[in-house]
Amino acid sequence: MTNLPKSYPLALLIALLALLPVVVLFQLASDSADFFDSRNLTVLGNTLALMGLTVLGSVLIGVPLAFFTAYVKLPLQRLWLILFASPLALPSYVGAFTLYFSFGRGGEIENLLGFSPPPVSGLWGTALVMSLYTYPFVMMTTRAALLSQDASLINAARTLGLSLTQSIWRIVLPRLFNSVAAGALLAALYALSDFGTPAILGLDTFTRVIFVEYNAFGLSQAAMLSLQLMLVVVLVLYLESQVKATRERPGKHLNFWPAHWQSALMVLAGLIPFVISVVLPLVIFMIWLLREGSSGFEWSFAWNSAYASFIAALVAIVAAMPVAYAAIAGKAGRLMERVTYFGFGVPGIVMGTALVYLGLQLPFLYQTLTLLVIAYVLRFLPLAVGSIRTTTENLDASLVKAARVLGASPREAFMRVTLPLTLRGMIAGAALVFLEAMRELPATLMLGPTGFETLATYLWRVYEAGYFGRAALPGLMLVLISGLGLILMLSGERRAEFSVTEDNKQ
């Protein structure tokens, strides 16, 4: 009889807890009279249209920038990659907030420059904002594939009479499809799950309507809408699981050395989305800060954000360890790991709806910090699991075997060998959970204790009250916090690129 890995029981329990919100939603939705009405068609149409336009916009921006950062040789090349990826450092609702109050009649641009640009609102405005903050997903996945392609294939095509443009079109682009699709599906998931951007810009998507129903005490209808949204999310997740980014054995790297005027045009074109999505919001926040100072802001908001996120990060790491070890131990463990990833695919507004109902059934949890931390952990647990599993998989198994040969028990080998060597992955995973929890808006709005204001929720209250000038300080702090997450991500990307370069030398 084969002994089950010791991590399996705990991993199974955590996987079942990850499915709890779905069970709660089905129970709550059973009280709803209407499964689907005519208004839902409008909401569904808006949601799918936003998703499609976001995918299109992110591909149109992300793919050219991927070619630029992968192949074009310029001074300060690393700087351009950081700048073009920097929209990931802002939650999209922060960008939507500043663009909404900057464009249109009476906006900040008209006040400063004297002309009124078109307003950013509705479907097209929301799709523009979403594209500006999701194109780095496409850029990074496409860039990784470009870095792994062998330039000798293009050189052979050029030798056979094809131009450079024809070689790229016929040799490079067909092998990028899976990588572009992988990034585009991430952008689609982001568009489906985001609440703040469509809510601020006035587009009735599932996330916005669910929140309206929640505020109107229509929990059953909110649950039904949440399940309908989850059907779309599950479909996109299934497509994402079927599309794997293409990785090839690295060969000779392709480099372009354009003329100075060509380089200048490329840089200027690439800086347009960066200026709109990053520079403009920062400038607007600074103007508001100089104009109104920190009026209405309390430092307890930042403390509340950090305190709740820190607890969630610690709990997530503890919960992630058995799941990560189970995933390495066997197929059943990998299945449990995949189940925990479901929470990351569930929009925060859906998670909030389920846990609000759970809190109503369990009064000792309702509107408590414990319930909010549970929501953060269920949402962002996969970040911790992935970080720990990746670090553990790279460990040399002979170290543990050597410890056992020298007389260490399994527990002692784990505490003295495995745990210290996976500590780096645990810290990185905890940092990612912390940063994402700090930015989370809908779940915090719905589940936070009474009077428990965070940076994200204070920004939302300011928007609702129309006192947009008071958003400067929390907005800048959220940008700084998100920037730390970007540094973590790019440090991982840099290590991966270094590995590819080292393989090329061998």
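Predicted model: local features only at pLDDT ≥ 70, side-chain atom pairs only at ≥ 80, totals over all residues.
Now look at residues 495-506, where pLDDT stays under 50. For that stretch the model has nine contacts beyond four places in sequence.

Let's turn to a pair of helices, H9 and H12. H9 covers residues 177-193 and H12 covers residues 219-242, and their axes come within 10 Å of each other, crossing at roughly 170°. Angles over 145 degrees count as roughly antiparallel, so that is how H9 and H12 run relative to each other. The crossing of H9 past H12 is left-handed. If you want to pick out the contact on screen, H9 brings Leu185, Ala188, Leu189 and Leu192 to it. From H12 come Leu229, Val232, Val233, Val236, Leu237, Leu239 and Glu240.

Next up is the pairing of H14 with H15. Helix H14 takes in residues 299-329 and helix H15 residues 331-340; the two pack at an angle of about 135°, and their axes are 6 Å apart. That angle makes H14 oblique to H15. Here too there is a handedness to note: H14 passes H15 in a left-handed crossing. On the H14 side, the residues that meet H15 are Val323, Ala326 and Ala327. Facing them in H15 are Gly333, Arg334, Glu337 and Thr340. This contact between H14 and H15 splits into three nonpolar, two polar and two charged residues.

Last, a stop at a loop. Between helix H17 (348-361) and helix H18 (369-393) you'll find glutamine 367. What is the phi of glutamine 367 near? It's near 50°, a positive value in a residue other than glycine. And is glutamine 367 buried, exposed or partly exposed? With a relative accessible area of 34%, glutamine 367 is partly exposed, because that label covers the range between 20% and 50%.

Methods. Residues numbered from 1 in each chain as written. Heavy atoms only, no water. Axes fitted to C-alpha atoms, helices over the stretch in contact; angles between N-to-C directions. Helix = DSSP H or I, 4+ residues; strand = E, 2+ residues; numbered from the N terminus. Parallel < 35°, antiparallel > 145°, perpendicular 65-115°, else oblique. Left-handed = near helix turned anticlockwise from the far one by under 90°. Contact = heavy atoms within 4.5 Å. Buried < 20%, exposed > 50% of the residue type's maximum accessible area, 1.4 Å probe, protein only. pLDDT = per-residue confidence, 0-100. Nonpolar A, V, L, I, M, F, W, Y, C, P; charged D, E, K, R; others polar.
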